[in-house]
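Keep the model in view as you read.

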Amino acid sequence: MVSAVGSAVKARRLEVPLWSGAFQKMVWGMAPALGAGGLLTALGAGGLLTLALTTHGSAHLLPGTWLALYGAGVTASGTFSVQAVRWMGLTMLVFGGIALLQTSVGLWCLALGFGGAHLAFGFYIVQRHGG
């Protein structure tokens, strides 16, 4: 949600259409991974792996699954953005891998990945690229 609002504000400030070719490519790059992982569940888009893992008693794998798939989506869509976005995606993949291999630290990885990495890379991108 914050990303969507930020994108809208930036598009308006630069006087460019929000639904530009680059933005469309970013959305298409991320949508399959987010839909598969279930990060879009809050938006009613389902989540194949979230449903499967919770149904079969493997909810402890959700943090790693979410991080890994989100990281894959961000890395893919980051090819249409600044290089820092791709690095953020790879960082999420690393946190996801750790969370999948060491499930006892999965929630910490989720917090560091979604919280810490987003803040760190966000501040970097704002400082370096103006948002």
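Ala-76 is found in helix α4. Helices here are DSSP runs (H or I, at least four residues), numbered from the N terminus. The model is predicted: local features need pLDDT of at least 70, side-chain atom pairs count only at pLDDT 80 or more, and totals for chains, interfaces and linings use all residues. Residues are numbered from 1 along each chain as its sequence is written, and side-chain values use heavy atoms, with hydrogens and water left out.

Ala-76 is partly exposed, at a relative accessible area of 36%; buried means under 20%, exposed over 50%, and partly exposed in between (1.4 Å probe, protein chains only). Lys-25 lies 51 residues from Ala-76 in sequence, yet their C-alpha atoms are 9.5 Å apart.

Now turn to the partner of α4. The axes of α3 (residues 48–55) and α4 (residues 62–77) come within 10 Å and cross at roughly 170°. Axes are lines fitted to C-alpha atoms over the stretch in contact, with angles from 0 to 180 degrees between N-to-C directions. That makes α3 roughly antiparallel to α4, a term for angles over 145 degrees. Leu-49, Thr-50, Leu-53 and Thr-54 of α3 meet Leu-62, Thr-65, Trp-66 and Leu-69 of α4. Contact means heavy atoms within 4.5 Å.

Key. Helices (H or I, at least four residues) and strands (E, at least two) are DSSP runs, numbered from the N terminus. Angles under 35 degrees count as roughly parallel, over 145 as roughly antiparallel, 65 to 115 as roughly perpendicular and the rest as oblique.
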